[in-house]
Amino acid sequence: MNTLTTSMLAALALSLSMSSSAHHSFAVFDRTKTVVLTGIVKEFQWANPHAWIQVNVPDARGRITEWGVECGSPNMMVRTGWKKNLLKPGDKVVVTVNPLRDGHPNGALITIKLADGTVLGPGNTPKLLPLGAVTTK
Amino acid sequence: MLSSMRSRRSWTSASIVLLALCGIAACSRPAPTLTDAKAASKPVSQFTGVWIPTGSFEDPAGPAPWQNTPWPEHPPFTQWGAAESKRLDDHSSFRACTPTGPVFFMWEIGLFPIQIVQAPDQLIILRETNGIPRRIYTDGRAHPEDLEPTWMGHSVGHWEDGVLVVDTIGLNGKARALNGVGANAQVSSEDAKPRMPSSDALHLVERFKLVANDELLEDEITINDAKAYTQPVVLKHYFQRRPDIDMLEYNCNDYPRDDTVASDSAKGRT
């Protein structure tokens, strides 16, 4: 029984590993679905090509699932208010994501709400200025 | 005093050596220069600065009346072009660290700024997420006859009444789609359009000019690629001058995760 359980766990681990190592674009996220995660930041990976937030999310029974949340690149993010030390392990956050289509606990960040109420997105284009607002002479 | 004498003596010695080397008749003729070519290519518009593409995911065309040309719903594909477009439409073809070619470099979506540095003999365009710049020679040179294919190709430009006309060839045909990263990779109506491939036969003609009281840069791009398209594709992209924005650093493979969108290319598997 123990052997069988171990084998099943090993197979599951291999399956997850194979799935997660497959390269993908943002098309792997289901843009028609949103999931709201209320949890605690485990780690904030401030790096290129994309930043990631690891969030421990408890369910109704108290079981913890660790979600990986993919953000934009740091250069995109700083233009919308992000900083590398904005999140720390232990911070309580509410994160809205488009989840992976394959059901694994990863998602593309839509918004994150910090404990102080600040809401940020994954990084976006700088806003255009109205014509005439830029001095060129 | 002593140093002055030494200086005069060395100048005299140098003159004698120079005359001996080149001969009086030869040195009386002006040395070959690019003066004439430079005069013919004198820059009359100032493009130096940081610019943001005017489109966004929500509004790829950008504000009227200076709007980015929509990508074609039905591009004039050759058989090869249609097949290549289909290949690029598969999201597994997407590699975040694969360089863009010169067309996607001038993307109409303003996610990342570009910076133009205009020197007397060339114009350099940097894109925040690209390690390879575009370099457009304006010193009158022609394309080399035997070009090694590269990601950005070889660009030469000349001025026509304030318009910089740029001719680019020598592409390696390996860059991403001309119109973006990959189907459904971003949230934009343009992502539903066919991917626009290119080959090593790509030949671009661009006309850069300032419009809207010099606040916008217009890049009219004519895409000639007989392997991929049965006729040229012409479009205009616009950029807003933004002295308030600094270019930031980006290095695609800082910390590639197995499950990040860039994993394969960041690990050198492309």
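1. Conventions. Residues are numbered from 1 along each chain as its sequence is written, while chains are lettered from A and ligands numbered from 1 in the order in which they are written. Because the model is predicted, local features need pLDDT of at least 70 and side-chain atom pairs count only at pLDDT 80 or more, whereas totals for chains, interfaces and linings use all residues.

2. Confidence. For the complex, the predictor reports an ipTM of 0.71 and a pTM of 0.77. The average pLDDT (the predictor's confidence in each residue, from 0 to 100) is 81 in chain B, where 72% of the residues score at least 70. In residues 1-39 of chain B the pLDDT is below 50, and this stretch has eight contacts in the model beyond near neighbours in sequence. Residues 261-270 of chain B also have pLDDT under 50, yet the model gives them 33 contacts beyond four places in sequence. Two residues are in contact if their C-beta atoms, placed from the backbone, lie within 7 Å.

3. Secondary structure. Helices (H or I, at least four residues) and strands (E, at least two) are DSSP runs, numbered from the N terminus. Chain A contains two helices and six strands, in the order α-β-β-β-α-β-β-β along the sequence. Chain B contains six helices and nine strands.

4. Burial and contact range. A residue is buried if 20 or more other C-beta atoms lie within 10 Å of its own, exposed if 12 or fewer, and partly exposed in between, with C-beta atoms placed from the backbone. By this criterion 31% of the 137 residues in chain A are buried, and 37% of the 270 residues of chain B. Of the contacts in chain A with a separation of 6 or more, 56% involve residues 24 or more positions apart; in chain B, 62% of contacts between residues at least 6 apart join residues at least 24 apart.

5. Nonpolar cores. A nonpolar core is a set of buried Ala, Val, Leu, Ile, Met, Phe, Trp, Tyr and Cys residues joined through C-beta atoms within 7 Å. The largest has 45 residues, and Ile53(A), Val69(A) and Val103(B) have the most contacts inside it. A second, separate core of 15 residues includes Trp51(B), Ile116(B), Tyr238(B) and Phe239(B). Leaving aside residues up to four places away in sequence, Ile53(A) touches Val41(A), Phe44(A), Val69(A), Cys71(A) and Leu87(A).

6. Leu86(A). Leu86(A) lies in the loop between α2 (74-78) and β4 (92-99) of chain A. Leu86(A) is classed as partly exposed because 18 other C-beta atoms lie within 10 Å.
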